Amino acid sequence: MQLSGKVALVTGGRQGIGAAIVERFVQEGATVITCGRGERPADMAVNIDWVQTDVSCSKQVAELKNWILSNYGSLDILVNNAGVQIEKTIVDTTDDDWEMLMGANARGIFNTIRSLLPMMSMGGSIINMGSVSGVNADPGLALYNASKAFVHGLTRSVAVDHGPKVRCNAICPGWIMTAMADSAFAVAKDEVAAKKDALARHPIGRFGVPSDIANMALWLASEESRFVTGQMFTVDGGLTAASPLNPGLF
Amino acid sequence: MVEKQFTGHLKGRVAVVTGGCGGIGQAICSRFHSEGAHVIAADIASLPASLKGLVRYFKHDVTSEQSAQDLMTFVGQEFGQLDVLVNAAGIEIEKTIEETTLDEWQRIFAINVTGTFLTSKYGVPLMRKNGAGSIINFGSYDGFIADPGLAAYCATKGAVHALTKAMACDYGKENIRVNAICPGYVATPMLESFFGDSGDIESLKQEVRDIHPLRRYGTPDDMANLVNWLAGDEARYASGALWVLDGGLSAQVQQMRL
């Protein structure tokens, strides 16, 4: 039980990677609070706290902070997982798209860290969800790529400005089988061929699953990583270690 | 395409180009000549017709310490100075580590890494005498991310990248700048050999081309343009850097064929 006695907030814990992190943290003995824009999911275990929150809204994040303060008094672990993806080039992106995507992916982590960091315990851990797309571009995901580069930059700043009170790191997932990845394959000309091709580009020989990311989140939340801060950790099955060209596939 | 304007910005400079008779090396020699430099093509291969009369030739085995010493003695005697050194000599071995013999491993390191070390080691004193210099090494985008079946090559290019930074640190105070260019896919005999093992070469070439954001391979002239800039005074504050020149290839995450 690596997290017993710890209080953790995981944003966006309804589904996908967030849900896997919530589940793992609970298994490891943490008290876990999670949040999302909607109502509490019907199938969510009773020992998990759900506080309906839109992280892009600073007022709602302040209410979330007050809720945690009055219920637990402090916070040890903050996982900024909530995020959205819009499959557009910059030319096609609207002002509303900007508000929605940058609101969740950029302003969201700005809001939560600004609001919650002061109440975090000494030696706390902040874990942000970056992306391999924040380092190299995925086509047709202009704002998403940029928002993840923002996450990487803010991760370093928080680590530098607020150590040793907190450590702050980011995880850069590659292709993790979630609804977000499904929607990318759904636009493929030939979905089966696209998946086969994509698979061949992973040295590990499979796509990621949410628990792969939860494993890294747990390590970054735990005392095992006590000397680790300000870094990006790529968990992508080897995808980005290989060239975008992979002549062996042709 | 606009006719290239040569400004003569290397007028009177003395430049050694190892591998100067190879695909990219020839383009560098020719560009340096056009910019007014005295060029020495140092290569184990013989001088191609295209460079005859434009450059001096020195038969140079980059793996030999004696050859490096002789080359720089020759440059000192004939020109009295060295301003620019381009370490462009290199080979590629298309194998995984299991397929690579120890001899092959040692040979590619001897040419790509030891060659850069030795030619630089004996070139630096001539540059020091001159009060300034620019060394341009050949890294590769494969020094950052791997192509399959090129293990030893990738490793040598990673070594060149680190050596470039180390040399830049050691000699910056003497106004000797050291940079590396990191080409992607450049249309050269080396690339032809890389494609040579594949089945349907034309469709493969097209596929590979289309993955590049600029939708073409690099040309030796594209490489020479950057080497030329790094060689000259416009680049006076550039040192210790790895200059990726790959048509945008490595700006991308692997391209799923959606």
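A: In chain B of this predicted model, seven strands make an open sheet in the order β3-β2-β1-β4-β5-β6-β7, and the pairing is parallel. Its edge strands are β3 (56–59) and β7 (242–245) of chain B, each of which pairs on one side only. From one strand to the next, the twist averages 20°.

Strand β1 (residues 14–18) of chain B is joined to strand β2 (residues 38–43) of chain B by five bridges, in the parallel sense. Within that pair, Val16(B) has Ile40(B) in β2(B) as its bridge partner.

Two other helices of chain B pack on each other. Two packed helices are described by the angle between their axes and the distance between the axes. For helix α1 (residues 23–34) of chain B and helix α7 (residues 220–231) of chain B, the angle is about 50° and the axes are 8 Å apart. This makes α1(B) oblique to α7(B). The crossing of α1(B) and α7(B) is right-handed. On the α1(B) side, the residues that meet α7(B) include Ile24(B), Ala27(B), Ile28(B) and Phe32(B). On the α7(B) side, Met223(B), Ala224(B) and Val227(B) are among them. The residues of this contact between α1(B) and α7(B) divide into eight nonpolar, three polar and two charged.

Chain A also has an open sheet of seven strands with parallel pairing, in the order β3-β2-β1-β4-β5-β6-β7. At its edges stand β3 (49–50) and β7 (232–235) of chain A; each has a single partner strand, so one side of each has no neighbour in the sheet.

Strand β1 (residues 7–11) of chain A is largely enclosed by the rest of the structure, because five of its five residues are buried. In a regular strand the side chains alternate between the two faces of the sheet. In β1(A), Val7(A), Leu9(A) and Thr11(A) point one way, while Ala8(A) and Val10(A) point the other way, and all are buried. Five bridges pair β1(A) with strand β2 (residues 31–35) of chain A in the parallel sense. There, Val10(A) has Thr34(A) in β2(A) as its bridge partner.

Further along the sheet, strand β5 (residues 120–129) of chain A and strand β6 (residues 166–173) of chain A form a parallel pair over six bridges. In this pair, Asn128(A) is bridged to Ala170(A) in β6(A). Helix α2 (residues 58–72) of chain A packs on the sheet, where it touches β1, β2 and β4 (75–80) of chain A, and its direction makes about 160° with that of β2(A). Helix α3 (residues 95–116) of chain A lies across β1, β4 and β5 of chain A and runs at about 175° to β4(A).

Lys148(A) is placed in helix α4 (residues 142–162) of chain A. Lys148(A) counts as buried because 28 other C-beta atoms lie within 10 Å, and 20 or more is the cut-off for buried. Leaving out residues up to four places away in sequence, Lys148(A) touches Gly130(A), Ser131(A), Ser133(A) and Gly134(A). The C-alpha atoms of Lys148(A) and Lys65(A) are separated by 24 Å, and the two residues are 83 residues apart along the chain.

Terms used
Residues numbered from 1 in each chain as written. Chains lettered and ligands numbered in written order. Predicted model: local features only at pLDDT ≥ 70, side-chain atom pairs only at ≥ 80, totals over all residues. Helix = DSSP H or I, 4+ residues; strand = E, 2+ residues; numbered from the N terminus. Buried ≥ 20, exposed ≤ 12 C-beta atoms within 10 Å, placed from the backbone. Contact = placed C-beta atoms within 7 Å. Pairing = 2+ DSSP bridges. Axes fitted to C-alpha atoms, helices over the stretch in contact; angles between N-to-C directions. Parallel < 35°, antiparallel > 145°, perpendicular 65-115°, else oblique. Left-handed = near helix turned anticlockwise from the far one by under 90°. Nonpolar A, V, L, I, M, F, W, Y, C, P; charged D, E, K, R; others polar.
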